[in-house]
Amino acid sequence: MRRIISVLMENEAGALSRVIGLFAQRNYNIETLTVAPTEDETLSRLTLTTFASDEQVEQITKQLNKLIEVVKLVDLTEGDHIERELMLIKVKATGAQRAEMKRTADIFRGQIIDVTQNAYTIQLAGTSDKLDAFLRAIPEASVMEVVRSGVSGLSRGEKVLST
Amino acid sequence: MEKLSGGDMLIRALQDEGVEYVFGYPGGAVLHIYDALFKQNRIQHVLVRHEQAATHMADGYARSTGRPGVVFVTSGPGATNAVTGIATAYMDSIPMVVLSGQVQSHLIGTDSFQETDMVGISRPVVKHSFLVRSASELPETIKKAFFIATSGRPGPVVIDVPKDVTSPTELYDYDYPETVSMRSYSPATKGHTGQVKKAIKMLMSCERPMIYSGGGVVQGNAATQLTEMTRMLGFPITNTLMGLGAYPGTDKQFLGMLGMHGTFEANNAMHHCDLLLAIGARFDDRITNTVSKFCPYAEIIHIDIDPASISKTVNADVPIVGPVDAVLDEMNRLLAPEIAKRSDNQKSLLAEWWEQIEGWRRQDCLKVLRDEGDTKIKPQEAVQALYKATKGDAYVTSDVGQHQMFAALYYPFDEGRKWINSGGLGTMGFGLPAAMGAQIAHPDDLVVCITGEGSIQMNIQELSTCSQYGLPIKIVNLNNGSLGMVKQWQDMIYEGRHSHSYMESLPDFVKLVESYGHVGFKVETIDELEPVLNEAMAIRNKLVFVDVLVDPSEHVYPMLVAPNGSMRDMWLRKGVRT
């Protein structure tokens with residue numbers, strides 16, 4: 001089952017490598033990973049998605065909690081949550097395809113953020129499923145380059161992850 | 001405020017932490033530190049012959065005292081040589097602080113001379129590590145390192161110190177913090193009372209209980225509480241390889257070690273129990289055999305300081321996270337009045353269970369079989385004779401292999417911290433340096449290393465260190481001329497094809513140890529065994545090496561049947577299984 005694990009950790013050199021190393025060492029997979037400092041500069045917020053059974057995710061969260069730099073963490077998929085991923089996609093946009101590509105981007109509430117005579121760069125934000133759906137909606141041959149940020153997320157409501 | 005250089009601060013911080021001994025080896029990146037060390041005499045430094053041995057010595061010191069072991073190594077090869085010892089300590093949860101030199105800060109990342117990424121290379125085998133960026137960070141970093149190494153589930157901590165950080169030319173304010181707190185690290189200090197009460201209820205209503213305790217009870221200083229609880233309950237108990245001594249090995253309630261080479265009675269009691277109380281043990285694969293067949297009738301209570309150990313391989317019905325000493329104290333307090341109320345029916349059910357266990361015990365699975373007229377020494381008899389010669393009161397370290405299992409099975413330990421071996425990582429070469437660390441910590445006690453001719457050669461250079469510091473260790477070498485455990489598996493699983501398990505060109509160990517100024521004996525027949533061991537143990541001021549030529553055909557039994565076996569499926573003798 002797909003899990004989103006959100007980790008609040010010390011913003012220190014080497015902390016990220018400990019998280020990554022733990023996943024490699026214990027044979028857990030990482031599907032996506034995103035990390036950046038929070039409003040408190042001493043803390044980083046790391047979000048990762050992984051495919052794991054209930055038993056595995058219990059071990060993953062326990063092992064992550066053992067890392068000295070990990071302050072707190074939550075498995076967002078355990079409760080109601082919001083998740084978003086950002087995708088930048090460079091597509092061929094020539095001839096009749098040019099208008100069609102714009103229409104499809106509009107339907108997905110994407111924005112064209114860079115334009116040349118032959119290409120658009122489209123910015124899309126949404127759940128990973130939505131981004132996948134966009135990729136399926138456009139001709140495969142038109143895709144020149146894709147970059148995705150990995151998933152970020154928060155719990156719904158007033159619940160927060162804090163020190 | 002006092003002004004000190006980085007190097008002086010580092011040494012001062014160790015003094016303020018109460019460190020008495022450092023095990024290490026100098027080199028370019030730690031020269032400033034060694035100069036600071038030279039200028040004082042509160043901390044004694046033990047110069048080893050190889051950095052791996054330094055870590056094992058610190059480990060033996062820590063296991064025998066409960067205090068953290070401290071190691072100095074230089075950058076590059078010094079640091080990488082230490083990694084095996086760090087991993088050994090990590091697997092067995094031993095408190096240790098390793099200070100490794102690093103190249104100067106501005107050279108990090110340039111592939112400079114003797115540079116290696118020590119924080120990176122040691123990361124999977126440390127509890128935590130630090131790279132010191134500035135000398136001003138040293139006191140707090142050292143305080144944190146000792147706090148982390150010794151609290152919660154203990155473990156090794158690496159502090160990587162770039163050479164410029166210890167430079168004698170720049171001075172900094174020195175103030176060693178008395179305490180340290182970290183928002184991201186707060187180990188449990190007591191068990192959950194609700195869970196404890198649930199456990200008590202189960203302990204009072206079961207029919208076939210079994211207590212299974214591990215290294216956590218030894219390292220968590222809870223042997224007294226465990227013994228009190230076990231005696232109060234009247235339940236059978238087994239210890240893991242790491243947990244031996246936590247409950248007196250000579251006591252009637254003790255069923256011996258469990259697991260791959262556990263006793264017939266301990267493994268059977270595990271299999272048939274209806275309540276398993278696991279304390280400071282981690283359901284290792286060398287215990288459980290096939291996990292799906294493990295303790296099929298039992299509800300499981302699991303007490304451990306590390307939440308990640310709970311339900312990792314075997315699901316716990318009642319988990320209790322907390323320090324074993326505090327949890328057992330609380331349980332003992334609550335148990336006493338309950339036990340007083342125990343019904344006659346409860347008592348007779350327990351008596352029936354003991355009857356069943358005594359039946360298994362009558363198998364006498366550790367009985368040593370000897371053909372008439374055979375004068376060869378059985379390795380088991382060598383351990384039994386050593387037990388007699390030491391009156392069961394020595395610190396005993398071992399290496400890894402058959403001799404380790406013979407020691408664990410045939411030398412009963414009545415106290416924790418007396419049995420010192422590398423159970424988790426299984427590090428050959430551990431025994432001699434670990435014995436040295438224990439001897440340094442306990443100069444007036446008898447320290448014996450039970451080893452084999454394979455393992456001893458993995459750190460034999462330390463015989464030289466023993467000469468330098470006059471360490472009167474007793475080494476009992478169970479010499480069967482082959483890598484016994486490898487050979488046993490080759491006999492049992494590979495149709496006797498002894499692929500590279502035989503060592504030609506063994507040294508004359510007696511002459512070898514004599515060349516270092518030690519005393520050597522060689523024993524070849526059963527008649528010589530006891531007198532020579534007695535004589536060896538009586539030499540209190542010298543290292544004595546006893547080379548015991550043992551019957552090379554002996555296997556370690558019992559042995560769990562694998563794959564797909566349960567804990568009651570065992571080989572009992574060659575060709576004889578349950």
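Which residues in helix α1 (residues 15-25) of chain A are buried? In this predicted model, the buried residues of that helix are Ala15(A), Arg18(A), Val19(A), Gly21(A), Leu22(A) and Phe23(A), where buried means under 20% relative accessible area, exposed over 50% and partly exposed in between, with a 1.4 Å probe and protein chains only. Helices (H or I, at least four residues) and strands (E, at least two) are DSSP runs, numbered from the N terminus.

Residues are numbered from 1 along each chain as its sequence is written, and chains are lettered from A and ligands numbered from 1 in the order in which they are written. Because the model is predicted, local features need pLDDT of at least 70 and side-chain atom pairs count only at pLDDT 80 or more, while totals for chains, interfaces and linings use all residues, and side-chain values use heavy atoms, with hydrogens and water left out.

**Chain A and its helix α1**

- The secondary structure of chain A amounts to four helices and eight strands, which follow one another along the sequence as β-α-β-β-α-β-β-α-β-β-α-β.
- The C-alpha trace of chain A spans about 55 × 35 × 35 Å along its principal axes, and of the 163 residues in this chain, 42% are buried.
- Of the contacts in chain A (heavy atoms within 4.5 Å) between residues at least 6 apart in sequence, 73% join residues at least 24 apart.
- The cover over the buried residues of α1(A) includes β1 (2-10), β3 (43-51) and α2 (54-66) of chain A, together with β6 (128-131) of chain B.
- Just after α1(A), Asn27(A) adopts a positive phi of about 65°.

**Interface of chain B and chain A**

- On the chain B side 19 residues are in contact with 20 residues of chain A, and the area buried between the two chains is about 1,500 Å², with carbon and sulfur atoms giving 47% of it; buried area is the accessible area (1.4 Å probe) that two parts lose on being put together, summed over both.
- Arg123(B), Arg183(B) and Ser184(B) supply 41% of the area that chain B buries against chain A, more than any other three residues.
- Two salt bridges are counted between chain B and chain A, a salt bridge being a side-chain nitrogen of Lys or Arg within 4 Å of a carboxyl oxygen of Asp or Glu.
- Lys66(A) forms a salt bridge with Asp306(B), in which the closest N and O atoms lie 2.7 Å apart.

**Cysteines**

- The count of disulfides (pairs of cysteine sulfur atoms within 2.5 Å) over all chains is zero.
- Cys273(B) is in no disulfide, the nearest cysteine sulfur being that of Cys295(B) at 4.4 Å, and Cys273(B) is buried with a relative accessible area of 0%.
- Cys449(B) is likewise in no disulfide, the nearest cysteine sulfur being that of Cys466(B) at 9.5 Å, and Cys449(B) is buried with a relative accessible area of 0%.

**Gly280(B) and its surroundings**

- Gly280(B) is found in the loop between β12 (275-279) and α11 (285-288) of chain B, and at 10% relative accessibility this glycine counts as buried.
- Leaving out residues up to four places away in sequence, Gly280(B) touches Gly214(B), Gly215(B), Gly216(B), Val217(B), Ile303(B), Asp304(B) and Val324(B).
- The C-alpha atoms of Gly280(B) and Gly214(B) are separated by 5.0 Å, although these residues are 66 residues apart along the chain.
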